[in-house]
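Biologist: Can you walk me through a few residues in this one? Keep it brisk.
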Amino acid sequence: MAKTPGFTCTACGAAHTKWSGRCDVCGAWNTIVEEAPLTAGPAAKSLGTKRGRGMVLTDLASAEAPPPRTRSGLAEFDRVLGGGLVPASAILVGGDPGIGKSTLLLQAAASFANAGLKAIYVSGEEAGAQVRMRAQRMGLGDAPVLLANETNLREILTTLEAEKPALAIIDSIQTMWADNVDSAPGSVSQVRAAAHELTTFAKRHGIAVVLVGHVTKEGQIAGPRVVEHMVDTVLYFEGERGHQFRILRAVKNRFGPADEIGVFEMTGAGLAEVANPSALFLGEREVPQPGAAVFAGIEGSRPLLCEFQALVAPTPHAQPRRSTVGWDAGRLAMILAVLEARCAVPFAGLDVYLNVAGGLRVREPAADLAVALALLSAREDTALPPETVVFGEISLSGALRPAGQSENRLKEAAKLGFSAAIAPARTKALAGDGMALRQFPDLATLVGEMFGAG
């Protein structure tokens with residue numbers, strides 16, 4: 001009996017029993033396509049009575065030692081990987097079109113090849129001459145990297161098995177197609193099958209495989225989410241079109257800390273590493289400006305200072321505008337509500353604009369206090385004390401909660417020349433750093449002392 005055809009949403013991967021114009025799960029239009037099953041054999045209800053060969057069991061103490069890492073020479077790239085490239089690992093790299101994914105991976109392949117690893121770069125989107133032209137523009141024309149232009153998964157696996165490289169880069173997974181899957185390249189079935197085959201091949205042959213993934217308009221890697229579960233590491237390459245800075249962020253890493261970041265600068269000769277990213281994300285501090293607050297944050301294991309900029313202006317409209325760049329809009333609404341309800345500071349009839357300098361995206365709740373002080377400083381047109389950093393989380397009751405790794409935050413601030421910090425009560429001070437630490441139990445006390453309100 002023929003198997004009932006299935007339908008899958010190409011945006012979120014949800015399964016449907018029939019075609020419809022709109023996906024009920026994610027709400028996307030015209031994304032539901034019919035796909036053939038991965039296996040063409042009969043649909044058995046159970047595994048049957050045939051026994052397998054069994055598994056080889058070992059205890060934890062006598063398990064195989066972890067393989068040594070290989071450093072590429074790109075310190076920021078090695079940091080995000082957790083200290084270097086792990087053999088037999090699968091890495092998925094996603095990012096917006098034109099953000100620099102291919103440039104970054106070509107530089108990484110050249111660095112690993114110059115370090116002695118055999119590297120193969122497989123491009124399904126560009127010809128070999130185009131990749132070579134980009135390499136020459138970046139000064140990597142003499143790098144011992146092997147190039148190939150192929151989309152047939154069977155041909156790629158055959159070549160990798162014969163060449164036995166240490167690193168293989170597949171650009172991109174959406175262009176790969178397996179001839180045993182009856183669907184178009186880029187479909188959910190093809191992406192899932194190609195990712196599974198490449199990940200299994202990496203584990204079986206001890207090859208590190210890097211997969212490039214396209215992203216949707218929401219910023220998520222296109223295709224089924226099961227691909228992110230298959231691989232060992234998921235990296236997102238972020239950045240704003242108007243800024244030359246790029247951030248490589250690890251959202252999943254089985255061999256290192258998640259949420260680690262590496263900062264790069266896009267130049268005419270490729271991506272350059274940024275040794276001191278905190279200095280890049282800070283505005284001019286010669287003259288204190290109202291509406292500016294410096295946040296001492298933590299990205300992964302790295303302390304990172306950035307500047308929050310706020311603007312509060314009267315509006316003639318009945319509905320004031322709330323606009324934010326680099327910060328969660330829902331979190332901004334919560335902080336405004338706490339300021340009105342707990343501190344008696346109204347924002348009715350005022351437009352509020354919030355921006356993180358340098359194009360950085362901050363997700364840490366410890367930035368709540370910096371956002372609140374930037375808003376109050378802009379509203380009162382009063383600059384905050386100079387050479388001061390701020391960090392702390394705000395609760396709905398208006399209480400201030402301490403942030404983790406306060407010693408690292410203060411140490412980074414002192415290294416960049418800051419002499420004072422505003423933080424919640426019970427924050428651990430760093431002995432001998434010369435920082436004047438002002439601690440407050442709640443937001444109302446801080447507002448009353450610094451702005452004479454609350």
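Modeller: Terms first: helices (H or I, at least four residues) and strands (E, at least two) are DSSP runs, numbered from the N terminus. This is a predicted model: local features need pLDDT of at least 70, side-chain atom pairs count only at pLDDT 80 or more, and totals for chains, interfaces and linings use all residues. Residues are numbered from 1 along each chain as its sequence is written, and side-chain values use heavy atoms, with hydrogens and water left out.

Biologist: Where is G95 placed?
Modeller: In strand β4, residues 90-95.

Biologist: Buried or exposed?
Modeller: G95 is buried, at 4% relative accessible area. Buried means under 20%, exposed over 50%, partly exposed in between (1.4 Å probe, protein chains only).

Biologist: What is G95 in contact with, leaving aside neighbours within four places in sequence?
Modeller: K101, G213, V215 and F237. Contact means heavy atoms within 4.5 Å.

Biologist: And G100, where does that lie?
Modeller: In the loop between β4 and α2 (101-114). G100 is buried too, with a relative accessible area of 10%. Not counting residues up to four places away in sequence, G100 touches F237, M266 and L271.

Biologist: Which UniProt annotation covers G95 and G100?
Modeller: The unreviewed entry has "binding site", covering G95, D96, P97, G98, I99, G100, K101 and S102. UniProt positions are in the numbering used here, feature names are shortened, and annotations may be inferred rather than shown by experiment.

Biologist: New topic. Where is V312 found?
Modeller: In strand β14, residues 302-314. V312 is buried, at 13% relative accessible area.

Biologist: How many residues apart in sequence are V312 and A378?
Modeller: 66, yet their C-alphas are 5.7 Å apart in space. Beyond four places in sequence, V312 is in contact with F347, L350, D351, V352, L375, A378 and R379.
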